[in-house]
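Subject: Structure handover

Dear colleague,

I am passing on the structure we spoke of, and would ask you to look it over before reading my notes.

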Amino acid sequence: MRNAVKQSWITFKSIFTGMGVTIRHFFGPTVTLQYPDERMELPKGARARLFVNIDDCIGCNLCARACPVNCIDIETVAATQDVDLGKTSTGNPKRFWLTRFNIDMAKCMYCDLCVHPCPTNCIYMVPEYEYSEYDRSNLVYHFSNLEPDMVAEVKEKAELEAEQKKRDREEMMRKKAEEKAKKEMEEKKKAEEKSEATSDDKPANDKQGEE
Ligand code: SF4
Ligand code: SF4
């Protein structure tokens with residue numbers, strides 16, 4: 001009998017303790033977010049997803065070189081002399097077409113190391129964290145804004161210009177070699193003429209000495 005009373009007391013005490021906690025939180029401030037209708041705002045500086053403002057990118061590759069897991073893949077093509085790509089919003093001249101600028105967010109470890117070396121501050125984290133995918137390949141983000149036709153065109157132009165420059169360089173080297181050979185021939189000829197003149201003077205001098 002005594003035991004039953006004790007058990008009943010413990011039960012009632014537990015119920016009232018639990019209800020006390022419930023009632024206390026019932027009148028307190030709400031902390032639960034009704035996701036996805038409500039979303040938590042990320043704190044400033046949170047590392048959630050990378051973004052590249054491609055219009056400000058100069059293709060220097062510093063971000064890709066800083067990445068410890070090689071998840072940034074950049075391909076650049078030098079702009080030909082007839083093209084002015086302008087400047088970035090920070091005043092840096094743009095000299096390269098960005099034919100490829102991919103970031104594989106499935107590999108990214110959110111270290112932020114790519115962000116700091118960027119001279120134009122065009123690669124940075126944005127507070128977007130809802131980007132899960134069923135297919136991992138969809139986590140490769142493409143930031144280049146060039147259409148495939150344009151990529152082919154700029155590559156072809158760059159190749160033609162590079163070939164032309166190579167031909168010009170070879171022509172210049174050939175001319176230099178010709179000039180050098182010509183100069184050497186002239187010097188050799190002069191030396192021979194001088195040597196002949198010296199040998200012609202010598203017998204005459206010898207004859208004078210005998211007289
Ligand atoms: S945050 Fe780190 S891992 Fe991700 S792309 Fe930048 S350097 Fe690479
Ligand atoms: S460091 Fe900045 S400017 Fe250089 S390639 Fe990367 S994003 Fe572009």
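Predicted model: local features only at pLDDT ≥ 70, side-chain atom pairs only at ≥ 80, totals over all residues.

Residues are numbered from 1 along each chain as its sequence is written, and chains are lettered from A and ligands numbered from 1 in the order in which they are written.

The protein has 3 helices and 5 strands (DSSP runs numbered from the N terminus, helices being H or I of at least four residues and strands E of at least two), and from the N terminus their order is α-β-α-β-β-β-β-α. Its radius of gyration, taken over C-alpha atoms, is 40 Å, well over the 17 Å that the globule rule gives for 211 residues, so the protein is more spread out than a compact globule (the rule being 2.2 Å times the number of residues to the power 0.38). Along the principal axes, the C-alpha trace spans about 165 × 45 × 30 Å.

Three of the strands form an open sheet in the order β2-β3-β5, paired antiparallel (two strands pair if DSSP finds at least two bridges between them). Because β2 (72-78) and β5 (140-142) stand at the edges with a single partner strand each, one side of each is left without a neighbour in the sheet. Strand β3 (residues 96-104) meets β5 over 3 bridges, and N102 stands opposite H142 in β5.

As for the ligands, 14 residues surround ligand 1, the closest being C67, C108, C111, L113 and C114, whereas ligand 2 has 15 residues around it, with C57, C60, C63, C118 and I123 nearest (a residue counts as near if its C-beta atom, placed from the backbone, lies within 6 Å).
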